[in-house]
Amino acid sequence: MQVSENIIYHIGSAYLVIGGKAALIDTAPRGGEDALVRDIAEILSGRPLDYVILNHTEPNRSYGLSAVLESYPDAEVIATVAGIRNLKEMYSRPFREQAAKDNALLKLGNGAVLRFIITPNLSWPDSMVTYEENSGTLFSCDLFSEGENLMTYPDYVENALKRLSELKITAVMPADSDVLRGADIQTAFDFYGGLLDKYREWEKNKTVLILYSSHYGVTREMAECIRAEMEDAGVTIKICDADKNDAPDINTFSAIIAGTGTYERGAAESVTRVLCGVNAVLMRHKPFFTFGSHGWSGEGANILHSLLVSFGMKPFSKPFTSIFNMSDETRERLTRHAHKFAETLK
Ligand SMILES: Cc1cc2nc3c(=O)[nH]c(=O)nc-3n(C[C@H](O)[C@H](O)[C@H](O)COP(=O)(O)O)c2cc1C
(Lines give C-alpha, C1' and ligand atoms only; values in the text may rest on other atoms or scores of the structure.)
Protein backbone atom coordinates (compact mmCIF):
# COMPACT_ATOMS: atom_id res chain seq x y z
CA MET A 1 0.00 0.00 0.00
CA GLN A 2 1.38 3.39 -0.98
CA VAL A 3 0.99 5.75 1.96
CA SER A 4 2.79 8.98 1.32
CA GLU A 5 4.21 11.40 -1.22
CA ASN A 6 4.84 8.70 -3.84
CA ILE A 7 7.84 7.46 -1.93
CA ILE A 8 6.61 5.43 1.01
CA TYR A 9 4.99 2.02 0.81
CA HIS A 10 3.57 0.10 3.75
CA ILE A 11 4.15 -3.66 3.44
CA GLY A 12 2.98 -5.73 6.41
CA SER A 13 4.99 -4.49 9.36
CA ALA A 14 7.63 -2.84 7.15
CA TYR A 15 7.92 0.36 5.13
CA LEU A 16 9.73 0.90 1.85
CA VAL A 17 11.08 4.39 1.13
CA ILE A 18 12.08 5.05 -2.45
CA GLY A 19 14.16 8.07 -3.41
CA GLY A 20 17.02 7.70 -5.87
CA LYS A 21 17.90 4.72 -3.73
CA ALA A 22 15.52 2.36 -1.95
CA ALA A 23 15.49 1.66 1.77
CA LEU A 24 13.40 -0.91 3.59
CA ILE A 25 12.54 0.05 7.18
CA ASP A 26 12.07 -3.05 9.33
CA THR A 27 11.21 -6.47 7.91
CA ALA A 28 8.63 -9.08 8.90
CA PRO A 29 7.83 -11.47 11.74
CA ARG A 30 8.36 -15.21 11.31
CA GLY A 31 5.97 -16.44 8.63
CA GLY A 32 5.71 -13.03 6.93
CA GLU A 33 9.05 -13.09 5.14
CA ASP A 34 7.91 -14.62 1.82
CA ALA A 35 5.10 -12.12 1.36
CA LEU A 36 7.48 -9.29 2.27
CA VAL A 37 10.07 -10.31 -0.32
CA ARG A 38 7.36 -10.76 -2.95
CA ASP A 39 5.90 -7.31 -2.27
CA ILE A 40 9.31 -5.63 -2.29
CA ALA A 41 10.10 -7.23 -5.65
CA GLU A 42 6.79 -6.07 -7.07
CA ILE A 43 7.26 -2.47 -5.94
CA LEU A 44 10.94 -2.26 -6.91
CA SER A 45 10.31 -4.11 -10.21
CA GLY A 46 13.92 -4.89 -10.94
CA ARG A 47 15.57 -1.98 -9.12
CA PRO A 48 18.04 -2.86 -6.35
CA LEU A 49 17.22 -2.58 -2.67
CA ASP A 50 20.04 -0.45 -1.27
CA TYR A 51 19.41 -0.41 2.48
CA VAL A 52 17.63 -2.41 5.13
CA ILE A 53 17.11 -0.30 8.24
CA LEU A 54 16.20 -2.04 11.49
CA ASN A 55 14.84 0.48 13.99
CA HIS A 56 15.28 -2.27 16.57
CA THR A 57 16.08 -5.95 16.41
CA GLU A 58 13.07 -7.55 18.11
CA PRO A 59 12.22 -10.61 15.98
CA ASN A 60 8.70 -9.37 15.23
CA ARG A 61 10.44 -6.81 13.00
CA SER A 62 13.83 -8.33 12.21
CA TYR A 63 13.01 -11.96 11.49
CA GLY A 64 12.60 -11.36 7.74
CA LEU A 65 16.12 -9.98 7.40
CA SER A 66 17.63 -13.29 6.21
CA ALA A 67 14.99 -13.72 3.50
CA VAL A 68 15.40 -10.11 2.33
CA LEU A 69 19.17 -10.50 2.13
CA GLU A 70 18.72 -13.77 0.25
CA SER A 71 17.10 -11.74 -2.55
CA TYR A 72 19.16 -8.57 -2.06
CA PRO A 73 22.59 -9.68 -0.78
CA ASP A 74 24.19 -6.31 -1.52
CA ALA A 75 21.75 -4.30 0.60
CA GLU A 76 23.50 -2.51 3.44
CA VAL A 77 22.01 -3.20 6.86
CA ILE A 78 21.68 -0.13 9.08
CA ALA A 79 20.96 -0.29 12.81
CA THR A 80 22.43 1.17 15.99
CA VAL A 81 25.78 -0.23 17.14
CA ALA A 82 23.92 -2.43 19.64
CA GLY A 83 21.47 -3.39 16.92
CA ILE A 84 24.19 -4.56 14.51
CA ARG A 85 25.71 -6.63 17.28
CA ASN A 86 22.37 -8.23 18.11
CA LEU A 87 21.59 -8.97 14.45
CA LYS A 88 24.89 -10.83 14.14
CA GLU A 89 23.93 -12.96 17.14
CA MET A 90 20.43 -13.60 15.79
CA TYR A 91 21.10 -14.28 12.12
CA SER A 92 24.14 -16.20 10.95
CA ARG A 93 24.09 -14.82 7.41
CA PRO A 94 26.90 -12.28 6.84
CA PHE A 95 25.78 -8.81 5.70
CA ARG A 96 27.12 -5.41 4.72
CA GLU A 97 26.65 -3.17 7.73
CA GLN A 98 26.49 0.48 8.69
CA ALA A 99 26.08 1.59 12.29
CA ALA A 100 23.58 4.45 12.55
CA LYS A 101 24.91 7.46 14.43
CA ASP A 102 22.57 9.71 16.34
CA ASN A 103 21.23 12.50 14.12
CA ALA A 104 23.10 11.21 11.06
CA LEU A 105 21.53 11.71 7.64
CA LEU A 106 21.20 9.17 4.86
CA LYS A 107 20.45 10.79 1.51
CA LEU A 108 18.46 8.49 -0.74
CA GLY A 109 18.34 11.03 -3.58
CA ASN A 110 15.36 12.69 -5.29
CA GLY A 111 14.80 14.69 -2.12
CA ALA A 112 14.36 11.75 0.22
CA VAL A 113 16.57 12.09 3.29
CA LEU A 114 16.48 9.84 6.32
CA ARG A 115 17.60 10.98 9.77
CA PHE A 116 18.35 8.47 12.51
CA ILE A 117 17.48 9.38 16.07
CA ILE A 118 18.73 6.95 18.65
CA THR A 119 16.12 6.19 21.31
CA PRO A 120 17.61 3.56 23.62
CA ASN A 121 15.20 1.32 25.55
CA LEU A 122 12.12 2.22 23.48
CA SER A 123 11.52 -0.65 23.71
CA TRP A 124 14.82 -2.52 23.31
CA PRO A 125 18.24 -1.13 24.27
CA ASP A 126 19.16 -1.08 20.56
CA SER A 127 16.19 1.05 19.42
CA MET A 128 16.16 4.11 17.19
CA VAL A 129 13.57 5.93 15.12
CA THR A 130 13.96 7.05 11.51
CA TYR A 131 12.62 10.36 10.20
CA GLU A 132 12.14 11.21 6.53
CA GLU A 133 12.90 14.92 6.38
CA ASN A 134 11.19 15.84 3.16
CA SER A 135 7.76 14.42 3.89
CA GLY A 136 8.01 14.83 7.69
CA THR A 137 7.38 11.12 8.23
CA LEU A 138 8.47 9.52 11.46
CA PHE A 139 9.05 5.75 11.51
CA SER A 140 8.66 5.52 15.23
CA CYS A 141 9.47 1.89 16.05
CA ASP A 142 7.59 0.91 19.25
CA LEU A 143 6.91 4.50 20.25
CA PHE A 144 3.26 5.40 19.57
CA SER A 145 2.29 1.74 19.31
CA GLU A 146 3.26 0.46 22.75
CA GLY A 147 1.99 2.24 25.85
CA GLU A 148 2.66 1.17 29.44
CA ASN A 149 5.38 -1.23 28.28
CA LEU A 150 7.65 1.64 27.44
CA MET A 151 7.20 3.21 30.88
CA THR A 152 9.83 0.92 32.37
CA TYR A 153 12.16 3.66 31.12
CA PRO A 154 10.29 6.91 31.73
CA ASP A 155 13.40 9.07 31.48
CA TYR A 156 14.12 7.69 28.03
CA VAL A 157 10.53 8.25 26.94
CA GLU A 158 10.67 11.84 28.18
CA ASN A 159 13.92 12.52 26.40
CA ALA A 160 12.68 10.97 23.14
CA LEU A 161 9.41 12.96 23.22
CA LYS A 162 11.35 16.16 23.80
CA ARG A 163 13.61 15.53 20.83
CA LEU A 164 10.81 14.38 18.54
CA SER A 165 8.60 17.33 19.42
CA GLU A 166 11.22 19.56 17.78
CA LEU A 167 10.63 17.86 14.42
CA LYS A 168 7.94 18.86 11.97
CA ILE A 169 6.00 15.63 11.85
CA THR A 170 3.18 15.19 9.35
CA ALA A 171 2.81 11.41 9.69
CA VAL A 172 3.82 8.85 12.27
CA MET A 173 4.33 5.32 11.06
CA PRO A 174 4.66 3.09 14.10
CA ALA A 175 5.85 -0.46 13.74
CA ASP A 176 2.64 -2.14 14.81
CA SER A 177 -0.32 0.18 14.48
CA ASP A 178 -2.05 2.52 12.08
CA VAL A 179 -0.45 5.56 10.52
CA LEU A 180 -1.15 8.72 12.53
CA ARG A 181 -1.79 12.07 10.88
CA GLY A 182 -3.06 15.53 11.78
CA ALA A 183 -4.53 15.94 15.26
CA ASP A 184 -3.93 12.26 16.06
CA ILE A 185 -0.21 12.97 16.28
CA GLN A 186 -0.65 15.49 19.09
CA THR A 187 -3.10 13.11 20.80
CA ALA A 188 -0.40 10.42 20.73
CA PHE A 189 2.18 12.79 22.23
CA ASP A 190 -0.34 13.78 24.91
CA PHE A 191 -1.02 10.14 25.70
CA TYR A 192 2.64 9.61 26.58
CA GLY A 193 2.68 12.90 28.45
CA GLY A 194 -0.17 11.52 30.59
CA LEU A 195 1.70 8.26 31.24
CA LEU A 196 4.77 10.24 32.27
CA ASP A 197 2.73 12.37 34.70
CA LYS A 198 1.35 9.17 36.24
CA TYR A 199 4.85 7.75 36.61
CA ARG A 200 6.18 10.94 38.21
CA GLU A 201 3.38 10.66 40.77
CA TRP A 202 4.53 7.14 41.61
CA GLU A 203 8.06 8.40 42.09
CA LYS A 204 6.77 10.82 44.71
CA ASN A 205 4.85 8.03 46.45
CA LYS A 206 6.62 7.27 49.73
CA THR A 207 4.23 4.51 50.79
CA VAL A 208 5.84 1.33 52.09
CA LEU A 209 4.18 -1.99 51.37
CA ILE A 210 3.94 -4.72 54.01
CA LEU A 211 2.87 -7.88 52.22
CA TYR A 212 2.46 -11.18 54.04
CA SER A 213 0.89 -14.62 54.27
CA SER A 214 0.23 -16.40 57.55
CA HIS A 215 -1.50 -19.73 58.32
CA TYR A 216 -2.09 -19.28 62.05
CA GLY A 217 -1.64 -15.56 62.56
CA VAL A 218 1.96 -15.43 63.82
CA THR A 219 3.47 -13.82 60.72
CA ARG A 220 0.40 -11.53 60.65
CA GLU A 221 1.16 -10.46 64.21
CA MET A 222 4.72 -9.68 63.14
CA ALA A 223 3.36 -7.63 60.20
CA GLU A 224 1.08 -5.66 62.56
CA CYS A 225 3.97 -5.05 64.95
CA ILE A 226 6.08 -3.62 62.10
CA ARG A 227 3.16 -1.53 60.87
CA ALA A 228 2.43 0.00 64.29
CA GLU A 229 6.04 0.99 64.89
CA MET A 230 6.62 2.41 61.43
CA GLU A 231 3.38 4.39 61.42
CA ASP A 232 4.40 5.82 64.81
CA ALA A 233 7.64 6.85 63.15
CA GLY A 234 5.66 8.73 60.50
CA VAL A 235 5.87 6.29 57.59
CA THR A 236 2.81 5.71 55.40
CA ILE A 237 2.10 1.99 55.26
CA LYS A 238 -0.07 -0.14 53.03
CA ILE A 239 -0.54 -3.55 54.62
CA CYS A 240 -1.77 -6.46 52.55
CA ASP A 241 -2.59 -10.07 53.38
CA ALA A 242 -1.68 -11.71 50.08
CA ASP A 243 -4.20 -14.51 50.64
CA LYS A 244 -7.14 -12.19 51.16
CA ASN A 245 -6.52 -9.09 49.04
CA ASP A 246 -5.93 -8.41 45.39
CA ALA A 247 -2.30 -8.04 44.47
CA PRO A 248 -1.17 -4.43 44.95
CA ASP A 249 0.69 -2.68 42.15
CA ILE A 250 4.01 -3.67 43.61
CA ASN A 251 6.16 -1.30 41.53
CA THR A 252 4.56 1.83 42.92
CA PHE A 253 5.97 1.51 46.46
CA SER A 254 9.12 3.09 47.81
CA ALA A 255 10.06 0.05 49.91
CA ILE A 256 8.82 -3.50 50.46
CA ILE A 257 8.54 -5.52 53.66
CA ALA A 258 7.56 -9.09 52.80
CA GLY A 259 6.60 -11.80 55.27
CA THR A 260 5.83 -15.48 55.08
CA GLY A 261 5.77 -18.50 57.33
CA THR A 262 7.80 -21.45 56.08
CA TYR A 263 5.46 -24.02 54.59
CA GLU A 264 6.80 -27.39 53.44
CA ARG A 265 10.25 -25.83 53.34
CA GLY A 266 9.08 -23.07 51.03
CA ALA A 267 7.60 -19.56 51.03
CA ALA A 268 3.86 -18.87 50.66
CA GLU A 269 2.96 -18.99 46.99
CA SER A 270 0.62 -15.99 47.29
CA VAL A 271 3.40 -13.66 48.45
CA THR A 272 5.98 -15.14 46.07
CA ARG A 273 3.67 -14.63 43.13
CA VAL A 274 3.17 -10.95 43.90
CA LEU A 275 6.90 -10.41 44.40
CA CYS A 276 7.62 -12.03 41.03
CA GLY A 277 5.92 -8.94 39.56
CA VAL A 278 8.74 -6.69 40.80
CA ASN A 279 10.15 -4.75 37.87
CA ALA A 280 13.93 -4.94 38.15
CA VAL A 281 14.36 -1.55 36.48
CA LEU A 282 11.79 0.45 38.44
CA MET A 283 12.52 -1.15 41.83
CA ARG A 284 16.30 -1.42 41.53
CA HIS A 285 18.10 -0.23 44.68
CA LYS A 286 14.86 0.31 46.59
CA PRO A 287 15.10 -1.05 50.18
CA PHE A 288 13.40 -4.11 51.59
CA PHE A 289 13.51 -6.69 54.32
CA THR A 290 11.70 -9.98 54.81
CA PHE A 291 10.34 -11.60 57.94
CA GLY A 292 8.23 -14.48 59.18
CA SER A 293 7.60 -17.29 61.62
CA HIS A 294 9.00 -20.76 61.12
CA GLY A 295 9.17 -23.96 63.12
CA TRP A 296 12.16 -26.10 62.25
CA SER A 297 13.81 -25.33 58.93
CA GLY A 298 12.96 -21.70 58.15
CA GLU A 299 13.47 -21.33 54.37
CA GLY A 300 10.46 -19.05 53.72
CA ALA A 301 11.77 -15.59 54.56
CA ASN A 302 15.14 -16.48 53.02
CA ILE A 303 13.49 -17.38 49.73
CA LEU A 304 11.69 -14.01 49.58
CA HIS A 305 14.95 -12.29 50.51
CA SER A 306 16.89 -14.00 47.69
CA LEU A 307 14.12 -13.23 45.23
CA LEU A 308 14.17 -9.50 45.96
CA VAL A 309 18.00 -9.43 45.90
CA SER A 310 17.86 -11.06 42.48
CA PHE A 311 15.69 -8.13 41.27
CA GLY A 312 18.42 -5.73 42.39
CA MET A 313 16.55 -4.43 45.44
CA LYS A 314 18.65 -3.40 48.42
CA PRO A 315 18.37 -5.53 51.58
CA PHE A 316 18.12 -3.48 54.78
CA SER A 317 18.95 -6.57 56.87
CA LYS A 318 18.97 -10.33 56.92
CA PRO A 319 15.48 -11.88 57.18
CA PHE A 320 13.89 -11.26 60.58
CA THR A 321 12.47 -14.52 61.89
CA SER A 322 10.62 -15.84 64.91
CA ILE A 323 10.64 -19.52 65.86
CA PHE A 324 6.93 -20.31 66.15
CA ASN A 325 5.18 -17.63 68.27
CA MET A 326 6.82 -14.28 69.06
CA SER A 327 8.33 -14.08 72.53
CA ASP A 328 8.33 -10.70 74.31
CA GLU A 329 12.02 -10.46 73.53
CA THR A 330 11.44 -11.16 69.80
CA ARG A 331 8.64 -8.57 69.74
CA GLU A 332 10.93 -5.95 71.24
CA ARG A 333 13.69 -6.76 68.76
CA LEU A 334 11.22 -6.60 65.86
CA THR A 335 9.95 -3.22 67.08
CA ARG A 336 13.51 -1.87 67.19
CA HIS A 337 14.16 -3.36 63.75
CA ALA A 338 11.09 -1.68 62.26
CA HIS A 339 12.02 1.61 63.92
CA LYS A 340 15.53 1.51 62.46
CA PHE A 341 14.14 0.75 59.01
CA ALA A 342 11.73 3.68 59.30
CA GLU A 343 14.67 5.92 60.21
CA THR A 344 16.62 4.92 57.09
CA LEU A 345 13.65 5.85 54.89
CA LYS A 346 13.59 9.44 56.10
C1 LIG B 1 1.32 -26.64 56.56
C2 LIG B 1 2.49 -26.13 57.33
C3 LIG B 1 3.77 -26.49 56.94
C4 LIG B 1 4.88 -26.01 57.62
N5 LIG B 1 6.12 -26.35 57.18
C6 LIG B 1 7.20 -25.85 57.82
C7 LIG B 1 8.51 -26.15 57.35
O8 LIG B 1 8.71 -26.85 56.37
N9 LIG B 1 9.57 -25.60 58.02
C10 LIG B 1 9.42 -24.79 59.11
O11 LIG B 1 10.41 -24.32 59.65
N12 LIG B 1 8.17 -24.50 59.58
C13 LIG B 1 7.07 -25.00 58.97
N14 LIG B 1 5.80 -24.68 59.42
C15 LIG B 1 5.66 -23.75 60.55
C16 LIG B 1 5.39 -22.34 60.01
O17 LIG B 1 6.51 -21.89 59.30
C18 LIG B 1 5.04 -21.31 61.08
O19 LIG B 1 5.96 -21.31 62.12
C20 LIG B 1 3.64 -21.47 61.63
O21 LIG B 1 2.73 -21.79 60.62
C22 LIG B 1 3.17 -20.21 62.36
O23 LIG B 1 3.28 -19.09 61.54
P24 LIG B 1 2.02 -18.53 60.71
O25 LIG B 1 0.85 -18.45 61.66
O26 LIG B 1 2.45 -17.17 60.25
O27 LIG B 1 1.79 -19.48 59.58
C28 LIG B 1 4.70 -25.16 58.75
C29 LIG B 1 3.41 -24.82 59.14
C30 LIG B 1 2.30 -25.29 58.45
C31 LIG B 1 0.95 -24.89 58.91
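How many residues of domain 1 are in contact with how many of domain 2? Before I answer, please keep in mind that this is a predicted model, in which local features need pLDDT of at least 70 and side-chain atom pairs count only at pLDDT 80 or more, while totals for chains, interfaces and linings use all residues. Residues are numbered from 1 along each chain as its sequence is written.

The chain is assigned a domain 1 at 2-202 and a domain 2 at 205-345, with bounds that come from an automatic or database domain assignment. Their centres, taken over C-alpha atoms, are 44 Å apart. As for the contact, 4 residues of domain 1 meet 5 residues of domain 2, where contact requires C-beta atoms, placed from the backbone, to lie within 7 Å. On the domain 1 side, these residues comprise 2 nonpolar, 1 polar and 1 charged (Ala, Val, Leu, Ile, Met, Phe, Trp, Tyr, Cys and Pro count as nonpolar, Asp, Glu, Lys and Arg as charged, and the others, Gly among them, as polar).

Let me turn to a pair of helices, which, like strands, are DSSP runs numbered from the N terminus (helices H or I, at least four residues; strands E, at least two). Pro-154, Val-157, Glu-158 and Leu-161 of H5 meet Phe-189, Tyr-192, Leu-196 and Tyr-199 of H6, and the residues of this contact are 7 nonpolar, no polar and 1 charged.

Finally, the ligand has 18 residues around it, of which Ser-214, His-215, Tyr-216, Thr-219 and Gly-261 come nearest, a residue being near if its C-beta atom, placed from the backbone, lies within 6 Å. Helix H7 (218-232) and strand E17 (287-294) each contribute at least two residues to that shell, which divides into 5 nonpolar, 11 polar and 2 charged residues.

Key
Two residues are in contact if their C-beta atoms, placed from the backbone, lie within 7 Å.
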